[in-house]
Amino acid sequence: MSVSVYALIVLDRDGPVPVYKQIAEILRERIDSGELAPGNPMPSEAQLEAEYGIARTTARRVARELREQGLVYTVQGEGTFVGDQAAPRARRKKPLYQEIAEEVAQRIRRQEFKPNRAIPSEKALMEQYGVAKVTVRLAVGFLRDQGYVFTVPHRGTYVSSPDDWPQD
């Protein structure tokens with residue numbers, strides 16, 4: 001919480017320096033101090049939005065600014081990490097998209113999402129999990145491959161019949 005309070009005090013939303021550059025500088029200081037160590041994940045877009053009260057596009061610009069400075073790198077479907085790509089990173093046991101897919105599959109099995117009814121939109125899933133569109137698309141593709149969902153172009157993604165779900 002102290003970072004949030006600090007951010008509110010430090011950010012000059014009306015000054016000449018763009019907010020994304022100010023936040024990038026705060027994160028640079030956290031990297032330099034070792035609070036964000038090489039190989040560790042950076043805060044997600046959703047975390048940056050909540051912590052600094054910014055829009056998703058601003059959060060993306062923060063990550064891009066830090067990438068351009070060579071302080072972080074992004075792995076599609078996994079996230080943004082401190083350091084350069086040669087630095088070992090704390091690997092997830094499963095890719096993030098699979099974790100999301102498994103959580104959605106559990107919700108389908110619990111019938112929070114009913115057969116022939118839409119699952120949450122890409123945008124809703126991006127906001128809920130604080131991930132990029134590509135990560136959500138990988139998760140939905142994983143669910144589709146397993147038989148939990150089917151997609152109707154220009155309509156959405158719907159829960160499949162339980163007969164199509166994988167058997168445990």
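Helices here are DSSP runs of H or I with at least four residues, and strands are runs of E with at least two, numbered from the N terminus. This is a predicted model. Its largest pocket takes the largest share of its lining, 6 residues, from helix α4. A UniProt annotation from an unreviewed entry, "domain: HTH gntR-type", covers residues 17-85 and 94-162.

**Largest pocket**
- The largest pocket holds about 650 Å³ of space.
- Its lining counts 33 residues, and Ser44, Glu45, Gly79, Thr80 and Gly130 lie nearest the centre.
- Helices α3 (45-52), α4 (56-68), α5 (96-109) and α7 (133-146) each give at least two lining residues, as do strands β1 (72-75) and β2 (79-82).
- By class, this lining splits into 17 nonpolar, 9 polar and 7 charged residues.

**Second largest pocket**
- The second largest pocket has a volume of about 210 Å³.
- Among its lining residues are Glu122, Arg137, Arg144, Thr151 and Thr157.
- Two or more residues of this lining come from each of α6 (122-129), α7 and β4.
- Helix α7 gives the largest share, 3 residues.
- The lining of this pocket has 5 nonpolar, 4 polar and 3 charged residues.

- Over residues 94-162 the chain is 52% helix and 12% strand.
- The end C-alpha atoms of that stretch are 25 Å apart.
- Strands β3 (residues 149-152) and β4 (residues 156-159) run antiparallel and are joined by 4 bridges.
- Thr151 has Thr157 in β4 as its bridge partner, and both threonines also line the second largest pocket.
- The hairpin has 3 residues between its strands, and there His154 takes a positive phi near 65 degrees.

**Aromatic pairs**
- The model has 4 aromatic pairs.
- One of them is Tyr148 with Trp165, a tilted pair at 5.9 Å centre to centre and 35 degrees between the planes.
- This pair links distant parts of the chain, 17 residues apart: Tyr148 sits in the loop between α7 and β3, Trp165 in the segment after β4.
- Tyr148 has a relative accessible area of 6%, so it is buried.
- Trp165 is buried too, at 9% relative accessibility.
- Phe150 and Tyr158 count as stacked because their planes stand at 25 degrees, with ring centres 5.8 Å apart; the cut-off for stacking is under 30 degrees.
- Phe150 is partly exposed at 31% relative accessibility, whereas Tyr158 is buried at 14%.

Terms used: Residues are numbered from 1 along each chain as its sequence is written. This is a predicted model: local features need pLDDT of at least 70, side-chain atom pairs count only at pLDDT 80 or more; totals for chains, interfaces and linings use all residues. Side-chain values use heavy atoms; hydrogens and water are left out. Two strands pair if DSSP finds at least two bridges between them. On a 1 Å grid over the protein atoms alone, a cavity is a set of points where a 1.4 Å probe fits but cannot get out, and a pocket is an open set with protein on both sides within 12 Å along at least five of seven lines; lining residues have an atom within 4 Å of a point. Grid points are joined across faces, edges and corners, and a volume is the space filled by probe spheres set on the points. Ala, Val, Leu, Ile, Met, Phe, Trp, Tyr, Cys and Pro count as nonpolar, Asp, Glu, Lys and Arg as charged, and the others, Gly among them, as polar. UniProt positions are given in the numbering used here, feature names are shortened, and annotations may be inferred rather than shown by experiment. Rings of Phe, Tyr and Trp (its six-membered ring) pair if their centres lie within 6.5 Å; planes under 30 degrees apart count as stacked, over 60 as edge-to-face and the rest as tilted. Buried means under 20% relative accessible area, exposed over 50%, partly exposed in between (1.4 Å probe, protein chains only).
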